[in-house]
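Reader: Please take a close look at one part of this model for me. I would like the charged side-chain pairs, with whatever surrounds them.

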Amino acid sequence: MVEAFKAAGRFLSASAWEDYVIAKFGDLANVHSDDDIMKYVRNNAFSSLHGVGTASVSPKRAGWGVVDPDLKVKGVHGLRVIDASVIVSFYHVFADTM
């Protein structure tokens with residue numbers, strides 16, 4: 001992440017951006033060293049992907065899996081998973097969740 005951050009900085013300091021990028025904004029103004037970059041990344045990075053396929057579906061009596069085929073959470077009474085975490089993520093899931 002430190003190297004990616006530095007690469008983005010090199011990209012944005014190209015002359016093509018000089019009329020668009022005026023100065024570092026907010027907390028970025030205090031980011032100079034690798035340690036500063038790492039601290040900034042740890043405090044500000046997040047995944048833009050939606051977690052899918054994180055609650056595996058398994059047969060009702062199987063000793064593995066999070067939910068059964070009815071999407072009921074195993075070992076918990078009255079709770080179902082109804083989000084994309086039960087969808088297998090080997091294809092584009094956006095259309096399915098819409």
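Author: What follows starts with the ground rules and the overall layout, then goes through the pairs and their surroundings.

This is a predicted model: local features need pLDDT of at least 70, side-chain atom pairs count only at pLDDT 80 or more, and totals for chains, interfaces and linings use all residues. Residues are numbered from 1 along each chain as its sequence is written, and side-chain values use heavy atoms, with hydrogens and water left out.

Start with the layout. The protein chain has three helices and zero strands. Here helices (H or I, at least four residues) and strands (E, at least two) are DSSP runs, numbered from the N terminus. The order from the N terminus is α-α-α. Of the chain's 98 residues, 16% are buried. Buried means under 20% relative accessible area, exposed over 50%, and partly exposed in between, with a 1.4 Å probe and protein chains only. The accessible surface is about 8100 Å², and 60% of that belongs to carbon and sulfur atoms. These areas come from the Shrake-Rupley method with a 1.4 Å probe; for residues, only the protein chains shown count as cover. Take the contacts between residues at least 6 apart in sequence: 31% of them join residues at least 24 apart. A contact means heavy atoms within 4.5 Å.

Now the charges. Side chains of opposite charge can pair when their charged atoms come close. This structure holds three salt bridges. A salt bridge is a side-chain nitrogen of Lys or Arg within 4 Å of a carboxyl oxygen of Asp or Glu.

Begin at K6. K6 pairs with E3, and their closest N and O atoms are 3.7 Å apart. Both residues sit in helix α1, three residues apart, which is about one turn of the helix. E3 is exposed, at 52% relative accessible area. K6 is partly exposed, at 28%.

K6 has another partner. The side chains of D34 and K6 meet in a salt bridge, 2.8 Å from N to O. D34 belongs to helix α2 and K6 to helix α1, so this pair ties together parts that are 28 residues apart in sequence. D34 is partly exposed, with 38% relative accessibility.

The axes of α1 and α2 (residues 34-44) come within 9 Å and cross at roughly 100°. That makes α1 roughly perpendicular to α2. From α1, the contact uses V2, F5 and K6; from α2, it uses D34, I37, M38, Y40 and V41. Axes are lines fitted to C-alpha atoms, for helices over the stretch in contact, and angles run from 0 to 180 degrees between N-to-C directions. Angles under 35 degrees count as roughly parallel, over 145 as roughly antiparallel, 65 to 115 as roughly perpendicular and the rest as oblique.

Move to the remaining bridge. The side chains of D70 and K60 meet at 2.5 Å, N to O. D70 is in the loop between α2 and α3 (94-97), and K60 is in the loop between α2 and α3, so the pair ties together parts that are ten residues apart in sequence. D70 is partly exposed, at 33% relative accessible area. K60 is partly exposed too, at 46%.

P59 and D70 are eleven residues apart in sequence, and their C-alpha atoms are 9.4 Å apart in space. Leaving aside neighbours within four places in sequence, P59 touches W64, P69 and K74.

L71 is in this loop too. L71 has a positive phi of about 65°, although it is not a glycine. Most residues other than glycine have a negative phi. L71 is partly exposed, with 26% relative accessible area.

One last stop, away from the charges. F11 lies in α1 (residues 2-12). F11 is exposed, at 52% relative accessible area. Together with L12, W17, Y20 and V21, F11 makes a nonpolar surface patch of about 520 Å². Patches are made of residues with over 30% relative accessible area and no salt bridge: like charges are joined within 9 Å, nonpolar side chains (Val, Leu, Ile, Met, Phe, Trp, Tyr) within 5 Å.
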